[in-house]
Amino acid sequence: MQLAALAGTRVFATEAAHNAEHVEALGAEAVIDFRTEDISTRVRELPDGRGLDAVVDTIGTDSATANLQLLVHGGGLAAIAGRPDLSAVPPFGMAPSVHEIAFGAAYTVGDERARARLAGMLADLLALTAEDRLDPMPARGIALEDVPAALVELSGRGVRGKLVYVRD
């Protein structure tokens, strides 16, 4: 969200109402409460009502599949936690562009060029952080023995920010 806002993109986010102020501070122009509002209806109510040019889905396959319906013709979906089911989109219709976010793949199936591009992206992120233009949002540090419990905590989707391993 922060990167999209820095790039000058209009950002709309889905989040629980109690987190709306925080999400707006990160760059969201509008926040849709996924607990009480119909996301598709609200997207159609946004300025111009045409749908979204892009969606970044961080939830999973079901969410990514549902989010395909929010896209305009030729819109893009970046899936972080699960691929959408493309059978939900009629062939030769909306022509979505679907992208998996799989940074580790640069090391497992990528070549030297892919790894260099990934390193360049990291350098850019670190520069933005050093310039205080990007907040990495560390929530708290954790010890190595606390990693299993932290993973369970993260799976509950209640952590605001990042849990960071801290060496003893």
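Helices here are DSSP runs of H or I with at least four residues, and they are numbered from the N terminus. The model is predicted. With the naming settled, start at the surface.

A nonpolar patch of about 430 Å² lies there, made by Leu3, Leu6, Leu122, Leu125 and Leu126. Two elements give two or more residues to this patch: helix H1 (2-6) and helix H6 (112-130). H6 supplies the largest share, three residues. Take Leu122 as one of the patch members. Leu122 sits in helix H6. Its relative accessible area is 49%.

Three strands form an open sheet in the order S3-S4-S5, with parallel pairing. S3 and strand S5 (97-100) are the edge strands, each pairing on one side only. On average, neighbouring strands of this sheet are turned by 10 degrees against each other, direction ignored.

Follow the pairings across the sheet. Strand S3 (residues 52-57) and strand S4 (residues 71-79) run parallel, and five bridges join them. Val55 has Leu77 in S4 as its bridge partner. On the other pairing, S4 and S5 are linked in the parallel sense over four bridges. There, Gly76 stands opposite Ser97 in S5.

What handedness does the unit of S3, helix H4 and S4 have? The β-α-β unit that they make is right-handed, with H4 spanning residues 61-68. Viewed with the strands pointing away, the path from the first strand over the helix to the second therefore runs clockwise. Ala64 is found in this helix, H4. Is Ala64 buried or exposed? Its relative accessibility is 0%, so Ala64 counts as buried. Compare its position with that of Met121. The C-alpha atoms of Ala64 and Met121 are 24 Å apart, and 57 residues separate the two along the chain.

Charged pairs come next. Side chains of opposite charge can pair when their charged atoms come close. Across the whole structure, a search finds eight salt bridges. One of them joins Glu29 to Arg10, with 2.6 Å between the closest N and O atoms. Glu29 is in the loop between helix H2 (20-25) and strand S2 (30-32), and Arg10 is in the loop between H1 and strand S1 (12-14), so the pair ties together parts that are 19 residues apart in sequence. Glu29 is partly exposed, at 43% relative accessibility. Arg10 is partly exposed too, with a relative accessible area of 43%.

Other salt bridges lie within a helix. Arg42 and Glu45 meet through their side chains, N to O at 3.6 Å. Both lie in helix H3 (residues 39-45), three residues apart, about one turn of the helix. Glu45 counts as exposed, at 53% relative accessibility. Arg42 and Glu45 also belong to a network of salt bridges that includes Glu37.

Helix H6 returns here. Glu112 and Arg115 form a salt bridge, again with an N to O distance of 3.6 Å. These two residues lie three apart in H6, about one turn of the helix. Glu112 is exposed, with a relative accessible area of 55%. Arg115 is partly exposed, at 23%.

Methods
Residues numbered from 1 in each chain as written. Predicted model: local features only at pLDDT ≥ 70, side-chain atom pairs only at ≥ 80, totals over all residues. Heavy atoms only, no water. Patch = residues over 30% accessible without salt bridge, like charges linked within 9 Å, V, L, I, M, F, W, Y side chains within 5 Å. Areas by Shrake-Rupley, 256 points an atom, 1.4 Å probe, with all protein chains shown as cover. Salt bridge = Lys/Arg side-chain N within 4 Å of Asp/Glu carboxyl O. Buried < 20%, exposed > 50% of the residue type's maximum accessible area, 1.4 Å probe, protein only. Pairing = 2+ DSSP bridges. Axes fitted to C-alpha atoms, helices over the stretch in contact; angles between N-to-C directions.
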